[in-house]
Amino acid sequence: MNTPTSEHHHESHDHHEHHIPKGIKRWLYTTNHKDIGTLYLWFAFIMFLTGGAMAMVIRAELFQPGLQIVEPNFFNQMTTVHGLIMVFGAVMPAFTGLANWLIPMMIGAPDMALPRMNNWSFWILPFAFIILLSSLFMEGGGPAFGWTFYAPLSTTYSNDTTALFVFSVHIMGASSIMGAINVIVTIFNMRAPGMTWMKMPLFVWTWLITAFLLIAVMPVLAGAVTMVLTDKFFGTSFFDAAGGGDPVMFQHIFWFFGHPEVYIMILPAFGIISQIVPTFSRKPLFGYASMVYATTSIALLSFIVWAHHMFTTGMPVFAEMFFMLATMLISVPTGVKVFNWVATMWRGSLSFEVPMLFALAFIVLFTIGGLSGLMLAITPVDFQYHDTYFVVAHFHYVLVTGAIFSIMAAVYYWLPKWTGKMFDITLAKWHFWCSLVSVNVLFFPMHFVGLAGMPRRIPDYALQFADFNKWISIGGFAFGLSQLIFLALLIKACRKKGEPVSAQVWEGAEGLEWEIPSPAPYHTFETPPVVK
Amino acid sequence: MTDQTKQNKSLILKLLAIVLGMFGFGFALVPLYDVFCDLTGLNGKTSNTAAVYEAVDIDESRYVTVEFITRINTGMSWQFEVETQQVKVHPGEMNQVNFSAKNPGARAIVGQAVPSVSPGTAAIYLNKTECFCFEQQILQAGEKIIMPMRFYVDPQIPKDMTYFTVQYTLYDVTTAEQQVALNRG
């Protein structure tokens, strides 16, 4: 990558410091991209722990066969709300938080383009999740139809709190769309002079493409939940065969949103890894341009593969072939990315600081998740894998050791820049190694029980799966506890404990954000830097 | 208004147009899905309107076996049966199969039968000139009816398609208002 130089102005931001309001009002009224980024990240972390607590309930129930702890209906609510919270409450807001913190600093802009809307897009989010979570305590309980809310489970067979589910998804969608519009406008109009498209850091590129995916598919999700709402409460029959509708059409509409959605949750991760690996290899990223094109082609392909989630719905062979081959095509640009990361490290001067450890774990484990995805793409074998724990193993490898590991890598990478102090490295290493071992104990055996036929989303299972499930649950509890180390580390970091760091923080780190002092001042780049 | 704000505004408007367009597209998928399935027969849905039998050439060189399955949806109390479960027909030849429905319950019910063809790709070759599924049936308590279904198989049907199944699912579609009206009548 190029070396941007900035000619800024440490003197200009000092007089702003006394404008920062104190207490709760600072956070409620803030339009500062760094404050909003922090809010998003803490919110995502709280949701991560909440959704994680639900996963603990699921794993406690599955620790041994039979029904011990919860009723099946509550178990179903746990799987449903765990999924919704992790997708819409943890992963997506965490990426939006990182975007808020980093995009303006990386492109040399003073703030996001639409700061007031930025405040709104964050502050409606807690209400969405309060609505969703409160439905768990109402009569009949919360949503129990799976995060995919297939009709007729969510229409004919759901309870009245479905209305709250629909409303909360609407709010989440509105929040994401506002966030995405903000990112696009910022990147289009606020780049520093000389920051051409092909000089943008990859995190900015991947987020730009993600933002376009968001504005393209979140409205479709809003449409799908609206149809569920009117089918259930207002007598329409979009998905009701008796009235001329078709329940399979629900799946088409849902997955038309749902497949791009999974790339919304992984493209920013690709960007993060592409920032971290060059720093700790002390080499520029291998194949910058091909990374940009690969990201774009993954985004475009994501629109024509949705029906690989529906192979068993009885599609004609021709359609199954099409979706199988289109899906496999995605492994080409993804392979380009993995190749580029490995090539960046090749003959690099490697060092293994905590962000790099998470990035390396990401590359290996995400690839495992990608390969099981490729297996699932093969139509004939998908008939065996469909709706088993093999699928659960696959998407947890790409989402936990993929998306979430990348978010942790990002937090460790940029945290010293945010706080001005190095985090507790001992705790961080404990966090990494405990997470790495436990996450594999947790998710790897799921491949085996899945291949052997254990169905997902069921609170009980056949006796022969008992041993593996015990190990899976132990891994799950250990992974959950490991995140408390992360919590302790973050609290310590936010209280500004630790060694002060330089502006560059990491030897080998390049980019505009490493040229401003650490901690990053409240206002940065009020006069745009010049990028050469 | 600075240049920056102007630029921002025009970009925001374009992006909002995409958002609204995609929200509309979500709903447009509903008719698009129906059109697509009508053209290709992908979901096994048959036409909702009666076909007209135009003296087509009967292909006597081959047979197509058509199987009929009847089922009632959860919560529907009717007895619903087909007289002939399987017929062997020449493509182009006119056929009739009788279905019977009986309402054994104590209240009047409005029923709607929904057909589905498997494999789905055979759906476009099934032409029904008369079918009870085109309209709703109202059966008083204890009433029984015979419902004829007349159809022919399109002679264009591929040679390797020698067998398909037509399943009718019967739904209780009585609305609250209908129930009141039926009880009064």
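User: What makes S5(B) and S7(B) paired strands, and in which sense do they run?

Analyst: Strands (E, at least two residues) and helices (H or I, at least four) are DSSP runs, numbered from the N terminus. Two strands pair if DSSP finds at least two bridges between them. S5(B) and S7(B) are joined by 3 bridges and run antiparallel, so they meet that condition. Within this pair, B:Gly111 lies opposite B:Gln137 of S7(B). The model is predicted: local features need pLDDT of at least 70, side-chain atom pairs count only at pLDDT 80 or more, and totals for chains, interfaces and linings use all residues. Residues are numbered from 1 along each chain as its sequence is written, while chains are lettered from A and ligands numbered from 1 in the order in which they are written.

User: Why is the pairing of the sheet S3-S1-S9-S5-S7 of chain B called mixed?

Analyst: This open sheet of 5 strands has mixed pairing. Its edge strands, each pairing on one side only, are S3 (86-89) and S7 (137-139) of chain B. From one strand to the next the twist averages 30°. S1 (64-72) and S9 (163-172) of chain B pair in the parallel sense over 8 bridges, with B:Phe68 opposite B:Val166. S5 (109-118) of chain B and S9(B) are also joined by 8 bridges but run antiparallel, and here B:Gln112 has B:Tyr171 as its bridge partner.

User: Why are H7(A) and H9(A) called roughly antiparallel?

Analyst: Angles between N-to-C directions run from 0 to 180 degrees, with axes fitted to C-alpha atoms, for helices over the stretch in contact. Angles under 35 degrees count as roughly parallel, over 145 as roughly antiparallel, 65 to 115 as roughly perpendicular and the rest as oblique. H7 (202-233) and H9 (267-281) of chain A pack at about 175°, with their axes 7 Å apart, and are therefore roughly antiparallel. The contact has 9 nonpolar, 5 polar and no charged residues. Nonpolar here covers Ala, Val, Leu, Ile, Met, Phe, Trp, Tyr, Cys and Pro, charged covers Asp, Glu, Lys and Arg, and the others, Gly among them, are polar.

User: How do you know that A:Asn189 meets chain B, and what makes it partly exposed?

Analyst: Residues are in contact if their C-beta atoms, placed from the backbone, lie within 7 Å. A:Asn189, found in helix H6 of chain A, touches B:Gln4, B:Gln7, B:Asn8 and B:Leu11, among others. A residue is buried if 20 or more other C-beta atoms lie within 10 Å of its own, exposed if 12 or fewer, and partly exposed in between. A:Asn189 has 17 such neighbours and therefore counts as partly exposed.

User: Which helix gives the most to the side of chain A that touches chain B?

Analyst: In total, 25 residues of chain A are in contact with 26 residues of chain B. H7(A) gives the most to the chain A side, with 7 residues. That side divides into 20 nonpolar, 4 polar and 1 charged.

Terms used. Two residues are in contact if their C-beta atoms, placed from the backbone, lie within 7 Å. Lists of a residue's contacts leave out its neighbours within four places in sequence.
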